[in-house]
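I open this notebook page to record what I looked up in a structure that was new to me. The entries follow the order in which I went through it.

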Amino acid sequence: MGADTFNATDYYRAGYKSSQIAASVSFDAATADNVAATYSQSGFTVTVTKNNHGYQVGHRVYHDYTSGTATDASYIVATITTNTYTVTDGTSRTTSGNVTL
């Protein structure tokens, strides 16, 4: 077990049962906090545009909307392309603007 790693085997060796492990998170530094992007929302679907965003389907990302009328929240990435991704909002609306990721 290295100074910067602690995996499931290490938890087992330390005496934790699988029911005691809440989550395993891997940080790859592919994205950074406080990244500016743009978005548009039509209905429940929010499309975020950020060149080479690095997200994958299933990633959780917090949106801090700085313009428009979208709701700040943590979302799960539903679809991706190289420069865009979509999430589903709980409220249907039509809006667009800037977002900080």
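**Strands around strand 5**

I began with a hairpin, which strand 4 and strand 5 form with 3 residues between them. For the naming, I note that helices (H or I, at least four residues) and strands (E, at least two) are DSSP runs, numbered from the N terminus, and that two strands pair if DSSP finds at least two bridges between them. Before going on, I noted that this is a predicted model, in which local features need pLDDT of at least 70 and side-chain atom pairs count only at pLDDT 80 or more, while totals for chains, interfaces and linings use all residues. Residues are numbered from 1 along each chain as its sequence is written, and side-chain values use heavy atoms, with hydrogens and water left out.

I then looked up the pairing of strand 4 (residues 79–80) with strand 5, which is antiparallel over 2 bridges, and found that Ile80 has Tyr85 as its bridge partner in strand 5. Strand 1 (residues 36–49) also pairs with strand 5 (residues 84–100) in the antiparallel sense, here over 13 bridges, and Ala36 stands opposite Thr100. Strand 2 (residues 60–65) pairs with strand 5 in the antiparallel sense over 2 bridges, and Thr100 is the bridge partner of Asp64.

**Aromatic pairs**

How many aromatic pairs does the count come to? I found 2, taking rings of Phe, Tyr and Trp (its six-membered ring) as paired if their centres lie within 6.5 Å, with planes under 30 degrees apart counted as stacked, over 60 as edge-to-face and the rest as tilted. Because Tyr39 lies in strand 1 and Tyr65 in strand 2, the pair ties together parts that are 26 residues apart in sequence. Both Tyr39 and Tyr65 are buried (under 20% relative accessible area, with exposed over 50% and partly exposed in between, for a 1.4 Å probe and protein chains only).

Tyr55 and Tyr85 form an edge-to-face pair as well, at 5.2 Å centre to centre and 70 degrees between the planes. Tyr55 lies in the loop between strand 1 and strand 2 and Tyr85 in strand 5, so this pair ties together parts that are 30 residues apart in sequence. Tyr55 and Tyr85 are both buried.

**His63**

Is His63 buried or exposed? I found His63 in strand 2, and at 0% relative accessibility His63 counts as buried. Its side chain makes a polar contact of 2.8 Å with the side chain of Tyr85 (a pair of N or O atoms within 3.5 Å, where within protein one must be able to donate a hydrogen and the other to accept it, and residues adjacent in sequence count only if both atoms are side-chain atoms). Leaving aside neighbours within four places in sequence, I listed the contacts of His63 (heavy atoms within 4.5 Å), among them Val48, Asp72, Tyr85 and Thr100.

**Two loop residues**

Asn52 is in the loop between strand 1 and strand 2, has a phi near 50 degrees, a positive value in a residue other than glycine, and counts as exposed at 59% relative accessibility. Gly68 lies in the loop between strand 2 and strand 3 (73–76) and is partly exposed, with a relative accessible area of 47%. Not counting residues up to four places away in sequence, Gly68 touches Tyr39, Thr95 and Ser96.
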